[in-house]
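Welcome! Please take a moment to look over the chain below, and then read on for a short tour.

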Amino acid sequence: MFNFQVLSLLSKVPKNDINECPTTTTITTKKPYKCNVCRLSYGQGSTLDIHLRSVAHQTRIGRLSELVASGEVDAFLPVSEQPGGITQKTIGELVLPSTTSELEKVRFVFEIF
Ligand SMILES: [Zn+2]
């Protein structure tokens, strides 16, 4: 049941993201440091670092499950990308814990009854 819910959530991500790939690739060559949550690209790692700590970014992180559900953010992309950087958690992986806790709350309510 849990996996089915996640799959249905992920399948809501619009496939038209593929059409944006040529544009994204052009940006990537100039600005390889990317925040996939906010869909922003930076030319320097330090600038991305500042962005990742910004209120604007944290606000988006807080609404992540909402953004994934609406298709605004691609759950299969890592949160941030940088050349030679370590493999980051995907946005989907960040969304899952909150989904799990929601389900646990539901289960808890059922246990009371
Ligand atoms: Zn961001």
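## Overall layout

This protein has 6 helices and 3 strands, where helices (H or I, at least four residues) and strands (E, at least two) are DSSP runs numbered from the N terminus. The model is a predicted one: local features need pLDDT of at least 70, side-chain atom pairs count only at pLDDT 80 or more, and totals for chains, interfaces and linings use all residues. Residues are numbered from 1 along each chain as its sequence is written.

**The chain as a whole**

- Among contacts in the protein with a separation of 6 or more, 48% come from residues 24 or more positions apart; a contact means that the C-beta atoms of two residues, placed from the backbone, lie within 7 Å.

**The sheet and its helix**

- The 3 strands make an open sheet in the order E2-E1-E3, with antiparallel pairing; two strands pair if DSSP finds at least two bridges between them.
- E2 and strand E3 (80-81) are the edge strands, each pairing on one side only.
- E1 and E3 run antiparallel and are joined by 2 bridges.
- Cysteine 35 stands opposite serine 80 in E3.
- Helix H3 (residues 45-52) packs on this sheet, touching E1, E2 and E3, and its direction makes about 15 degrees with that of E1; axes here are lines fitted to C-alpha atoms, for helices over the stretch in contact, and angles run from 0 to 180 degrees between N-to-C directions.

**The annotated span**

- UniProt, in an unreviewed entry, places the feature "domain: C2H2-type" at residues 33-57; its positions are given in the numbering used here, feature names are shortened, and annotations may be inferred rather than shown by experiment.
- Residues 33-57 are 44% helix and 24% strand, and the end C-alpha atoms lie 15 Å apart.

- Arginine 39 is in the loop between strand E1 (33-35) and strand E2 (40-42), and its phi is near 60 degrees, a positive value in a residue other than glycine.
- Most residues other than glycine have a negative phi.
- Phenylalanine 76 is in the loop between helix H5 (64-69) and E3.
- Phenylalanine 76 touches Thr90 and Gly92, not counting residues up to four places away in sequence.
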